[in-house]
Amino acid sequence: MTVSEPQDLNTAEVQAATAQECPPLESNSEEHLEAPAAVLDAEEDRLYVAGQWQLMWWKFRKHKMALVGAGILIVFYLIGIFCEFVAPYNPEAYFIRYKMAPPTPLRIVDATGKLRAPFVYHRDRSKDPETLRDIYTENNEITYPVHFFVKGEPYKLWGIWESDIHLFGLGPDIEDQGVFLFGADRMGRDLFSRLCYGARLSLSIGLIGVFLSLALGIVLGGISGYYGGRIDTAIQRVIEFIRTIPTIPLWMALSAALPADWPVVKMYFGITIILSLVGWTGMARVVRGRFLSLRQEDFVLAARLCGSSEFRIIIRHMVPSFLSHIIASLTLSIPGQILGETGLSYLGLGLRAPAISWGVLLQEAQNIRSLAQAPWLLFAPALAVILTVFAFNFLGDGLRDAADPYAR
Amino acid sequence: MLGYILRRVGMMIPTLIVISMISFIIIQLPPGDYLTSYAATLRATGDAVDEAELASLRERYGLGEPIYVQYYKWMSGILLRGDWGQSMEWRKPVKELIWERMALTVFLSLISILVSWFVAIPVGVFSATHQYSIPDYLFSALSFIGAGTPGFMLAMVVMWVAMRQFGLNVGGLFSEEYILEPWSWAKVVDMLKHLWIPVVVIAFESTAGSIRTTRANVLDELNKPYVETARAKGLRERNLVWKYPVRVAMNPFFSTVGWTLAGLISGQTLIAVVLSLQTNGPMMLRALRSQDMYLAGSFLFLLSVLTVIGTLVSDVLLAWVDPRIRMEG
């Protein structure tokens with residue numbers, strides 16, 4: 001390694017940065033000098049008059065991974081919200097002939113090599129003579145086209161609107177042949193449909209939990225940071241105590257205290273509250289830190305001298321200026337809560353069947369021997385969880401960078 | 001320095017008291033006291049219920065009395081007699097059950113921290129000194145994946161791969177014939193053979209985080225004037241990097257070792273359940289499921305105590321490497 005190497009790197013970096021920021025300086029010819037300078041001015045003007053949120057959006061836009069993350073999350077949440085419509089089947093419907101059937105390949109090229117609308121082949125079931133396991137073979141004589149916005153099993157969207165239109169499916173006439181995008185489970189239930197319904201519980205638990213944490217965190221962190229002194233010390237102590245108890249064992253102990261015979265809805269809120277009992281401490285720390293640093297800002301002093309009430313100062317002047325940071329750290333703490341639910345349900349302490357969440361699906365995939373035959377039972381829900389976690393992390397990183405548009 | 005340590009230990013005591021209270025309240029959360037369910041279990045299995053034994057247990061743990069009396073009896077039992085209560089399910093005193101499990105938990109967590117540092121520090125320093133090179137991008141991508149993948153899912157995938165590819169069950173810390181054996185040299189050797197899978201799985205997530213921390217910290221330090229000065233004086237690059245910036249960049253590792261340990265202990269609880277390791281996880285889960293609350297509560301209390309000790313250790317280490325802290329007091 002030579003001594004000058006890092007320096008070279010630095011100069012190269014600086015050059016690259018300059019080139020990016022002010023391209024006009026590169027061109028030396030006289031006639032080109034005027035126009036780019038004007039553009040530069042216009043751009044600078046735009047930068048100076050842009051509002052805080054506008055600046056954040058510009059900065060956020062540059063973060064490509066964050067945009068990808070946001071896209072993934074929008075799709076996942078839409079699936080969760082409209083799961084009855086997206087899922088081709090009722091998640092509890094059994095296809096007795098398709099126990100542990102592997103994923104149905106969705107095809108667009110048929111046996112003759114022609115391109116056509118998506119379809120699936122008929123699948124024949126036979127038994128392996130040695131292991132007595134079911135084997136599914138595709139019969140490429142019979143094809144079933146996949147229809148979109150097709151009539152299927154009736155459902156009630158959000159328990160209100162009755163409908164029988166599904167996003168896709170084979171249609172009601174073909175009953176014993178299913179399109180199992182992610183395969184079927186031990187009882188012949190469509191895993192994709194179950195994942196869609198699981199998305200509703202798993203994704204919303206993270207959101208609601210984080211909002212509960214936020215509410216607690218803003219109130220207690222706000223009090224702590226705004227008033228300081230003895231109240232601050234007391235609240236900080238409480239936070240320290242809670243944080244010294246290892247999270248997962250604490251969650252386990254608390255959720256074990258919830259009666260196992262509670263109905264799904266009650267259990268759902270119980271778990272959410274348990275998750276946010278720990279989550280608020282992190283939020284309170286962020287809020288407190290922001291309050292402490294903002295308290296000394298001139299505009300807060302100015303507002304106070306103008307006779308604003310404390311409440312007005314907090315809501316009107318302080319909250320808007322740290323809201324962006326809060327949103328960023330909020331986003332980064334959602335995966336923890338989603339994983340919390342997943343882990344607890346996996347252990348059998350959280351949501352339990354008949355509730356369907358990604359954790360419950362993972363718990364059903366617990367048997368390692370059945371996994372050897374049907375790995376999709378593990379990989380489909382695991383990938384859903386991991387993708388969600390990644391998407392939130394990327395989005396949160398992007399938001400955190402964007403939250404401070406003046407940095408760098 | 002000694003004064004600083006003493007002050008910190010003094011501050012620990014109220015924390016420990018509150019933690020013990022919280023653990024005890026959590027023990028008490030499920031409805032019904034544990035002797036009732038104990039008697040119910042005995043009746044269900046058809047065993048004779050020894051009323052005299054029940055009465056003596058009831059007396060000893062103050063069941064049926066107000067909660068503060070029960071707490072006092074539990075606490076004084078621990079402090080004066082080392083009696084952590086009775087495990088209803090195992091029909092043994094809790095203290096006979098937990099120590100081996102806790103020791104393995106601590107051992108596994110410490111090994112995992114060491115392994116993750118051993119990997120993360122050189123990789124992080126390399127990434128920082130070779131910023132924007134291909135290996136740097138590779139390591140950054142890897143550490144991003146590691147930080148996003150929850151440990152227990154990684155454990156499930158590892159189990160599946162081992163099952164599928166090698167047809168073996170990688171769960172557990174020991175081969176079957178050693179599980180119930182007392183400790184012996186052969187058992188230790190056997191454990192070391194099984195150790196690497198859990199360690200890799202547990203260390204994976206924290207390694208990823210540590211790589212990112214090291215890289216960011218070393219990068220910050222590399223731009224400082226003292227590095228330039230040292231370089232201008234003709235110090236060899238290798239010596240320069242490892243002797244000054246890396247040493248400063250290590251500070252956060254010391255200051256967060258307590259939290260890292262807590263995170264590992266917390267995370268490995270789940271991983272241990274998946275891999276059925278002989279640590280706190282599976283036993284605590286079982287205790288919670290069967291409402292064996294003295295056992296579960298003792299685990300919760302001890303795990304929290306470990307975190308408090310971890311924080312103490314990191315504070316002391318930080319004070320040791322950074323004189324400004326111990327001077328401030």
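**View 1. An open antiparallel sheet in chain A.** β1(A) and strand β2 (residues 115-127) of chain A run antiparallel and are joined by two bridges, where strands (E, at least two residues) and helices (H or I, at least four residues) are DSSP runs numbered from the N terminus and two strands pair if DSSP finds at least two bridges between them. This is a predicted model, in which local features need pLDDT of at least 70 and side-chain atom pairs count only at pLDDT 80 or more, whereas totals for chains, interfaces and linings use all residues. Residues are numbered from 1 along each chain as its sequence is written, and chains are lettered from A, with ligands numbered from 1, in the order in which they are written. A:Val109 has A:Leu115 in β2(A) as its bridge partner. On to the next strand, nine bridges join β2(A) to β3(A), again in the antiparallel sense, and A:Lys127 is found opposite A:Asp134 in β3(A). Together the three strands make an open sheet in the order β1-β2-β3 (chain A), with antiparallel pairing; β1 (107-109) and β3 (134-145) of chain A are its edge strands, each of which pairs on one side only. From one strand to the next, the twist averages 45 degrees.

**View 2. The β4-β5 hairpin of chain A.** Seven bridges pair strand β4 (residues 147-157) of chain A with strand β5 (residues 161-169) of chain A in the antiparallel sense. Three residues separate β4(A) from β5(A) in this hairpin, and A:Trp158 in the turn takes a positive phi of about 50 degrees. A:Lys156 faces A:Glu162 in β5(A) as its opposite residue.

View 3. Chain A holds 14 helices and five strands, and 36% of its 408 residues are buried, a residue being buried if 20 or more other C-beta atoms lie within 10 Å of its own, exposed if 12 or fewer, and partly exposed in between, with C-beta atoms placed from the backbone. Helix α10 (residues 298-305) of chain A is hardly covered, since the count of buried residues among its eight residues is zero. Just after α10(A) comes A:Gly307, which has a positive phi of about 90 degrees.

**View 4. The crossing of α5 and α14 in chain B.** The axes of α5(B) and α14(B) come within 11 Å and cross at roughly 35 degrees; such axes are lines fitted to C-alpha atoms, for helices over the stretch in contact, and angles run from 0 to 180 degrees between N-to-C directions. The crossing of α5(B) and α14(B) is right-handed, the term for a near helix turned clockwise from the far one by less than a right angle, with left-handed standing for anticlockwise. From α5(B), B:Val94, B:Leu97, B:Ile98, B:Met102 and B:Val106 meet B:Tyr294, B:Leu295, B:Ser298, B:Phe299, B:Leu302 and B:Leu306 of α14(B), contact being counted if the C-beta atoms of two residues, placed from the backbone, lie within 7 Å. By class, the contact of α5(B) with α14(B) has ten nonpolar, one polar and no charged residues; Ala, Val, Leu, Ile, Met, Phe, Trp, Tyr, Cys and Pro count as nonpolar, Asp, Glu, Lys and Arg as charged, and the others, Gly among them, as polar.

View 5. B:Phe299, in helix α14 of chain B, counts as buried because it has 30 C-beta neighbours inside 10 Å. Leaving aside neighbours within four places in sequence, B:Phe299 is in contact with A:Pro249, B:Ile98, B:Asn280 and B:Met284. B:Gln86 is 213 residues from B:Phe299 in sequence, and their C-alpha atoms are 13 Å apart in space. B:Trp99, in helix α5 (residues 94-129) of chain B, is exposed because 12 other C-beta atoms lie within 10 Å. The C-alpha atoms of B:Trp99 and B:Val69, 30 residues apart along the chain, are separated by 26 Å.

**View 6. The side of chain B that touches chain A.** In this view, 40 residues of chain B are in contact with 33 residues of chain A. The elements of chain B that give two or more residues to this side are α1 (2-28), α7 (151-166), α10 (237-243), α12 (251-274), α13 (280-289) and α14 (293-321). The residues of this side divide into 26 nonpolar, nine polar and five charged. The model scores ipTM 0.79 and pTM 0.77, and chain B has a mean pLDDT (the predictor's confidence in each residue, from 0 to 100) of 79, with 87% of its residues reaching 70 or more.
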